[in-house]
Amino acid sequence: MGRMCVAAILAAVLSVSTASAQTKSAVTAAELEAILTGAGLAVQVIEDASTRAPVAHVQAGGVQYWVRALDCAGAPKACSTLVFFANFELGRAAAAGDYETINRFNDSQVFGRAYLIPGRNQVGVDYVIELDGGVSMDNITKNISRWADVINAFIGHFSNAAGVS
């Protein structure tokens, strides 16, 4: 009886660690939607008109952003690169100080990359999650959480700079 209990417990532990150790090297549109929804985000997944790759529009805490899936193959398309990005209106023409602010952000942040779109008078930030080779679902979840940190850091950095200039 004792051996059977130990065997049952061991089997349960192994099945849990196998499930948590599951890796993904690409995600489909349905999986992308499930991952983002599972993170508590309001998501609408559409299809890129030219590539047919999934693109997610996300609303979170008053900020809207996009997740573009790249490096896709198969049917349904499964994509190994996810590019998260958010653009923000400057409300004015881009100035030299905006480039300096962007550069300071990029120099001070390990994650995320800020940019300026001068013709549209917008600033933005992006973050890439690479799945190729396989990553755990826990890693994907942590990266989505990190993306929220990147957006918050960017907004804080740009807001502080705007107050100084």
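Visitor: Where does Asn121 lie?

Guide: Asn121 sits in the loop between β6 (113–117) and β7 (122–130). Helices (H or I, at least four residues) and strands (E, at least two) are DSSP runs, numbered from the N terminus. Before we go on: this is a predicted model, where local features need pLDDT of at least 70, side-chain atom pairs count only at pLDDT 80 or more, and totals for chains, interfaces and linings use all residues. Residues are numbered from 1 along each chain as its sequence is written, and side-chain values use heavy atoms, with hydrogens and water left out.

Visitor: Why is Asn121 called partly exposed?

Guide: Buried means under 20% relative accessible area, exposed means over 50%, and partly exposed is in between (1.4 Å probe, protein chains only). Asn121 has 26% relative accessibility, so it counts as partly exposed.

Visitor: What is the phi of Asn121?

Guide: It's positive, about 55°, although Asn121 is not a glycine. Most residues other than glycine have a negative phi. Asp71, in strand β4, also has a positive phi, near 55°.

Visitor: And what makes Asp71 count as exposed?

Guide: Its relative accessible area is 54%, so Asp71 is exposed.

Visitor: How do you know that Cys72 and Cys79 form a disulfide?

Guide: The rule asks for a pair of cysteine sulfur atoms within 2.5 Å. The sulfur atoms of Cys72 and Cys79 are 1.9 Å apart, so the pair meets the rule. The count comes to 1 disulfide, and this link is right-handed, with 105° about the S-S bond.

Visitor: Are those two cysteines buried or exposed, and how do you tell?

Guide: Cys79 has 0% relative accessibility, so it counts as buried. Cys72 comes in at 25%, so that one is partly exposed.

Visitor: What kind of peptide bond joins Ala75 and Pro76?

Guide: A cis one, with omega about 0°. Most peptide bonds are trans. Pro76 is in the loop between β4 and β5 (78–89).

Visitor: Why is Asp98 called buried?

Guide: Asp98 has a relative accessible area of 5%, so it is buried. You'll find Asp98 in helix α3 (residues 96–108). Leaving aside neighbours within four places in sequence, Asp98 is in contact (heavy atoms within 4.5 Å) with Leu90, Arg92, Ala93, Leu116 and Phe158.

Visitor: Which element gives the most to the lining of the largest pocket?

Guide: That's α4, with 6 residues. A pocket, on a 1 Å grid over the protein atoms alone, is an open set of points where a 1.4 Å probe fits, with protein on both sides within 12 Å along at least five of seven lines; lining residues have an atom within 4 Å of a point. Among the lining residues here are Leu41, Tyr65 and Trp147.
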